[in-house]
Amino acid sequence: MGIEKITMPKLGESVTEGTIEKWLVAPGDKVAKYDSLAEVTTDKVTAEVPSSFTGTITEIIAKEGDTIEVGETVCLIEIEGASNEPVRVSAPEVEAPVEKPAGKPVQQAPKAKPAQPATGGKAAGRYSPAVLKLSQENGIDLSQVSGTGREGRITRKDILAFIENGGADLQVAPQETPAQEEPLQEVASSDKKVTEQPASSNVKLENGDIAIPVTSVRRAIANNMVRSVTEAPHAWMMIEVDVTELVLLRDSIKKEFKEKEGFNLTYFAFFIKAISQALKEYPEMNSMWAGDSIVMKKDINISIAVATDDALFVPVIKETDEKTIKGIGREIHELAGKVRNGKLKSTEMQGGTFTVNNTGSFGSVQSMGIINYPQAAILQVESIVKRPVIMDNGMMAARDMVNLCLSLDHRVLDGLVCGRFLARVKELLEGMAKDKTSVY
């Protein structure tokens with residue numbers, strides 16, 4: 001018998017902390033090894049913390065809503081025997097501060113140096129979404145805060161301590177939790193629950209307005225988007241592609257393909273195949289910013305955006321350059337099904353190196369995506385639209401056209417390589433046709 005600590009596991013590459021959303025156990029509860037103890041949200045995924053031992057929960061240390069660094073204790077357990085071996089919940093080893101896909105070995109990049117003091121305060125460093133959110137809500141200059149985390153990293157606790165010590169010029173008195181995290185007050189409604197806005201918010205509720213509580217998934221999405229636009233200087237470009245022959249190819253085989261394979265052959269699989277081939281030829285596009293270096297990833301792992309009614313998930317198709325159009329189509333079908341059925345695993349959202357978003361599925365013809373941090377670019381595939389086009393012979397014809405919209409991290413990529421990359425994608429797509437392209 002003995003008391004052991006259950007710590008915050010590492011639930012993804014580059015994840016340094018997680019927020020306890022809900023405890024699934026209480027002091028006195030008996031649990032078996034691998035039983036789920038708590039639901040945790042990070043900026044990448046919502047997951048459950050498993051028990052490392054069989055025993056009895058003796059103390060809950062981290063409260064619901066607390067953001068805890070990886071490795072910190074969340075609860076204590078009295079184990080029943082010495083034969084228990086700790087459960088290790090970990091992601092693949094991280095190279096520098098960016099993601100490393102599982103599988104093939106990748107050359108290690110130099111580690112990014114922690115922020116160093118500079119004249120007039122600290123130099124800008126990398127901050128977690130929780131730290132950025134809390135500092136922005138309270139008007140705190142992060143260069144004035146001393147970090148106590150690993151390598152001098154500023155943690156959420158450092159921000160709260162800074163507030164409590166009166167270090168920030170706040171309009172609202174310091175509280176135990178950030179103002180935006182206060183519980184919303186319920187108001188009576190005839191048919192559904194609505195909420196009254198916290199008094200600290202700067203958005204006033206007018207008569208008939210409804211404040212919708214932010215879910216943990218939506219909060220994680222928001223934090224990652226803020227981090228992306230805060231750290232990565234976004235640039236944008238677009239190219240127009242004639243996919244008339246591709247449309248004829250797909251239409252000619254889609255019925256037979258569905259009967260044979262059991263799932264629909266979508267245009268999206270053709271686009272991902274062409275993009276993967278272009279990424280192989282222009283590996284700079286498959287890179288990530290790592291502070292004092294740029295990491296060019298060896299594997300081509302495409303992240304795809306899949307939406308539910310209230311959240312957006314980004315599962316990853318691994319090594320797409322080595323898969324056929326059929327293989328890519330099958331993975332798109334399976335991953336989308338897992339998302340909508342709530343069965344997607346956290347490991348299936350890790351290791352992405354480049355994101356492709358099928359914005360055309362809801363009729364969009366032009367858009368600018370926010371980069372999926374820490375990747376260097378995201379490509380939006382817009383709706384295929386039939387338009388009149390003047391051909392090389394001067395005649396006008398109705399053609400199937402699509403816009404490809406690229407957002408890029410200008411620290412990593414320049415217009416020249418991005419233009420060449422898009423031109424190659426265009427060439428590959430316009431070359432797909434019956435009797436020339438196989439889906440197998």
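How many bridges join strand E4 to E5, and in which sense do they run? Five, and the two strands run antiparallel. This is a predicted model, and the tour below takes in an open antiparallel sheet, a helix with two packing partners, H6 and H7, and a strand whose residues are all buried.

**The open sheet**

- Four strands line up in the order E5-E4-E2-E7, paired antiparallel, and the sheet they form is open.
- At the edges sit E5 (46-50) and E7 (67-69), each of which pairs on one side only.
- On average, neighbouring strands here are turned by 45 degrees against each other, if you ignore direction.
- Zooming in on the E4–E5 pairing, E4 covers residues 36-41, and its serine 36 stands opposite proline 50 in E5.

**Helix H5 against H6**

- H5 (residues 267-281) meets H6 (residues 325-340) with axes that come within 9 Å and cross at roughly 120 degrees.
- The crossing of H5 and H6 is right-handed.
- On the H5 side, the contact uses Phe268, Ala269, Phe270, Ile272 and Lys273, while H6 brings Ile325, Ile328, Gly329 and Ile332.

**Helix H5 against H7**

- H5 also packs with H7 (residues 415-430), at an angle of about 135 degrees and with the axes 9 Å apart.
- H5 and H7 are therefore oblique to each other, and H5 passes H7 in a right-handed crossing.
- From H5, the contact takes in Phe270, Phe271, Ala274, Ile275, Gln277, Ala278, Leu279 and Glu281; from H7 come Phe421, Arg424, Val425, Leu428 and Leu429.
- This contact of H5 with H7 splits into 10 nonpolar residues, one polar and two charged.
- Keep an eye on Phe270 of H5: this residue turns up in the contact with H6 and again in the contact with H7.

**Strand E20 and its parallel partners**

- E20 (residues 354-357) points Phe354 and Val356 one way and Thr355 and Asn357 the other, and all of them are buried.
- E16 (residues 302-304) runs parallel to E20, joined by three bridges.
- E21 (residues 377-381) also pairs with E20 in the parallel sense, over three bridges.
- Threonine 355 of E20 is a handy landmark: serine 303 stands opposite it, and its bridge partner in E21 is isoleucine 378.

Conventions. Residues are numbered from 1 along each chain as its sequence is written. This is a predicted model: local features need pLDDT of at least 70, side-chain atom pairs count only at pLDDT 80 or more; totals for chains, interfaces and linings use all residues. Side-chain values use heavy atoms; hydrogens and water are left out. Two strands pair if DSSP finds at least two bridges between them. Axes are lines fitted to C-alpha atoms, for helices over the stretch in contact, and angles run from 0 to 180 degrees between N-to-C directions. A crossing is left-handed if the near helix is turned anticlockwise from the far one by less than a right angle, and right-handed if clockwise. Contact means heavy atoms within 4.5 Å. Angles under 35 degrees count as roughly parallel, over 145 as roughly antiparallel, 65 to 115 as roughly perpendicular and the rest as oblique. Ala, Val, Leu, Ile, Met, Phe, Trp, Tyr, Cys and Pro count as nonpolar, Asp, Glu, Lys and Arg as charged, and the others, Gly among them, as polar. Buried means under 20% relative accessible area, exposed over 50%, partly exposed in between (1.4 Å probe, protein chains only).
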